Amino acid sequence: MLTPEQIQIQLNGILPYVQKPGRYTGGELNQVMKDWRSVSTHVALVFPDIYDIGMSNLGLAILYDLINLRSDALAERAYSPWSDMEAAMRQSGIPLYSLESKHSLADFDIIGFSLPYETLYTNTLNAIHLADIPILAADRDESHPLLIAGGHAAFNPEPMHAFIDAFVIGEGEEVIQEIIDVYQEWKKSDTRREVLLQALAQVWGVYVPSLYRAEYYADGTFARIEKLWQDAPLPVVKRIVAKLPPPTTNFIVPYIETIHNRIPIEIMRGCTRGCRFCHAGMITRPVRERTVDEAAQAIESAIEKTGFEEISLLPLLSSDYTHILELVNAVSQRFSGRHLSVSLPSLRIESFSVDLMDALKDTRRGGFTLAPEAATERMRQIINKPVSTAQLLETARAIYSRGWSTIKLYFMIGHPSETLEDVQAIADLCKAVLAEGRKTIGRRAQVNAGVSTFVPKPHTPFQWVPCDTVEQILAKQTLLKKALHGQGLKLTWNNPEDTLLEAWLSRGDRRMADVLYQAWLGGAKFDAWKEQFRYDIWLEAFQKCGLNPEFYTHRERPIDEVFPWEHISTSVRKKFLTEDYLWSLQGKTRVDCRERCFACGILPTFADLRRQNPGEVWQCPEVKSKKIPVEAIQGARLEEENSIGINHQLITIP
Ligand code: SF4
């Protein structure tokens, strides 16, 4: 194995000949460089795509900060090399290495992969291979690092079960510390790798796939998951932090242009809107908020440490944050004259605050983004985004009249029961919004429509529905391309084959691991990149494995079908999801659950955490009685909501 010094020498020879060598050097402002020998545990944090994308990942930035605060551990970073660099590395025998110390990844104790979306899976396999570590978890022993993975895609970990030793389900801030503690104890004990894996399985929020076996019916549908070790938890309940820890502010400042050259400040976590297609909305419950003071101080600290001039307030619908107006005003006042720009990724349409728009006017650049997701009121009722067309047009008028010229509108095609009339309505609505702009600001008005395709994601009320076929998607896109063109209109869309890959991987069972492996052997990688993605490789991989891709995507599931991801519990009960799905078929909607709790399952599972954090920290109702110990959460069967005393007082929404 090459030493860091040998790796550096080899790098010096190849970096002048690859694109953007700044991706591979490290040494940026705020990088943490500890003495390798001064700590007992070495963690490599890997984003399995190129540096330009991975550097904007907030989850890894948080973990990097937290691990490096420990005196007994260090965290370093690694990203996938672009194809030219990978070829040069393989030719020179350079393994995947960390940017900080240039150690080979195989030298680390723990390697943590961030998997926010499924199209990173083949890159993950490629990274393991480039690190010279056995790809299959079953082939690794005590001499190899522990491979863990987390992120939103890990809520259905089964397609990756054969490659990863342990998955973190849910939020990582606390669990990463416990994983390091368990690892250190195991290392001292000098026992076999199985002992480590069993100890990790006892940590709330950790799923160790090798401790379970999956069974299927003769027709190929999933039957059940069985424990291979009696103490393995079933289900594995997601991890949450009861109170959001102070935001990370010590961001590394890249030398090269990355996709987001700005500071991400997470002001809240979770969403209560209940959009039925939304994976994040279901898996990140409950809503927890930071205080205005905490957020404003974090912004100040991050600006001082990094020099960035743009702040992005996260998550996607940060305008739902209870004190958003207060925060934006506080930031405008505190940083007036410093050319600071504040962006909110997307703004809510209904009860749209004109005051918020005015407050953002001085700080925000670029266009306004609104996400109606569907263009007819019928369709918006089905997906539970019950905003009226009149409200949307009124909001558009208000935006144009305040001097903005561009509105970005996000839609999805492929929603359940969608007709071509619903798709045509997308073009009509965009034109109606543009007409409002023309009336207000003339020919400067612009509407950019981004139309993606719906994928029925696990753990959502739409997990039962089929995905559109390539032919159906193409027909809808052709209609839109014809209807949506002309001055002031711009349309962007996804390749239908990309959508199918996302659907196969997000809805896959354990057998999908074979397909994934075959696809990687066939040359699949960088599947999230249009010009790199090879659909034919995936079809061949399915064929080699004797599996039908349509089984995963185009089959409507009976209501009682067991899903291969059900042993992973988001704490939102299947009973709630089923009811919500059946409601959607009748066009019935739910209000934001901050107005009325629908007992989705979060409170029975996390009652004790809620009791310990009263008041507005959470946006769920307070829990009055019956204490459930936190230790009992891991592996606990979810209790019915009526066993808990819930205070049904409404929470005031401004
Ligand atoms: S417990 Fe109630 S308020 Fe909390 S997320 Fe679930 S439905 Fe919403």
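**Starting at Ser80**

Modeller: Happy to! This is a predicted model. Let me start with Ser80, which has a relative accessible area of 7% and is therefore buried, as that is under the 20% cut-off.

Colleague: Where is Ser80 found?

Modeller: Ser80 sits in the loop between β2 and α4 (83-92).

Colleague: And what does Ser80 touch, not counting residues up to four places away in sequence?

Modeller: Its contacts are Phe47, Pro48, Asp49, Ile50, Tyr51, Asn123 and Phe526. As for Ile128, that residue is 48 residues away along the chain, and its C-alpha atom is separated from that of Ser80 by 10 Å.

Colleague: You mentioned β2. Which strands form the open sheet, and in what order?

Modeller: There are six strands, in the order β2-β1-β3-β4-β5-β6, and their pairing is mixed.

Colleague: How do β1 and β3 pair, in the parallel or the antiparallel sense?

Modeller: Parallel, over four bridges, with β1 covering residues 41-47 and β3 covering residues 110-114. Within that pair, Val46 stands opposite Phe113 of β3.

Colleague: Changing topic: what about helix α9? How many residues does α9 have?

Modeller: α9 has 15 residues, 292-306. From first C-alpha to last, α9 reaches 21 Å, close to the 21 Å expected at 1.5 Å a residue.

Colleague: Which residues in α9 are buried?

Modeller: The buried residues are Val292, Glu294, Ala295, Ala296, Ala298, Ile299, Ser301, Ala302, Ile303 and Thr306. They pack against β10 (263-266), β13 (310-314) and α10 (324-334).

Colleague: And what follows α9?

Modeller: Gly307 does, and its phi is positive, near 80 degrees.

Colleague: On to the nonpolar cores. Which residues touch the most other members of the largest one?

Modeller: Leu200 and Trp538 do, in a core of 116 residues. Helix α6 (residues 172-189) gives the most to this core, with seven residues. There is also a second, separate core of 69 residues, and Leu327, Ile349, Leu370 and Ile407 are among its members.

Colleague: Why would nonpolar side chains end up together like that?

Modeller: In soluble globular proteins, nonpolar side chains tend to be buried together.

Colleague: What is Trp538 in contact with, leaving aside its neighbours within four places in sequence?

Modeller: Its contacts include Thr122, Leu501, Trp504, Leu505 and Phe533. Asp527 is also one of the residues that Trp538 touches.

Colleague: Last one: what does the whole chain look like?

Modeller: The chain holds 21 helices and 19 strands. The C-alpha atoms fill a box of roughly 70 × 55 × 55 Å along the principal axes. Buried residues make up 60% of the chain.

Terms used: Residues are numbered from 1 along each chain as its sequence is written. Side-chain values use heavy atoms; hydrogens and water are left out. A nonpolar core is a set of buried Ala, Val, Leu, Ile, Met, Phe, Trp, Tyr and Cys residues joined through side-chain atoms within 4.5 Å. Buried means under 20% relative accessible area, exposed over 50%, partly exposed in between (1.4 Å probe, protein chains only). Helices (H or I, at least four residues) and strands (E, at least two) are DSSP runs, numbered from the N terminus. Contact means heavy atoms within 4.5 Å. The expected span of a helix is 1.5 Å times one less than its number of residues. Two strands pair if DSSP finds at least two bridges between them.
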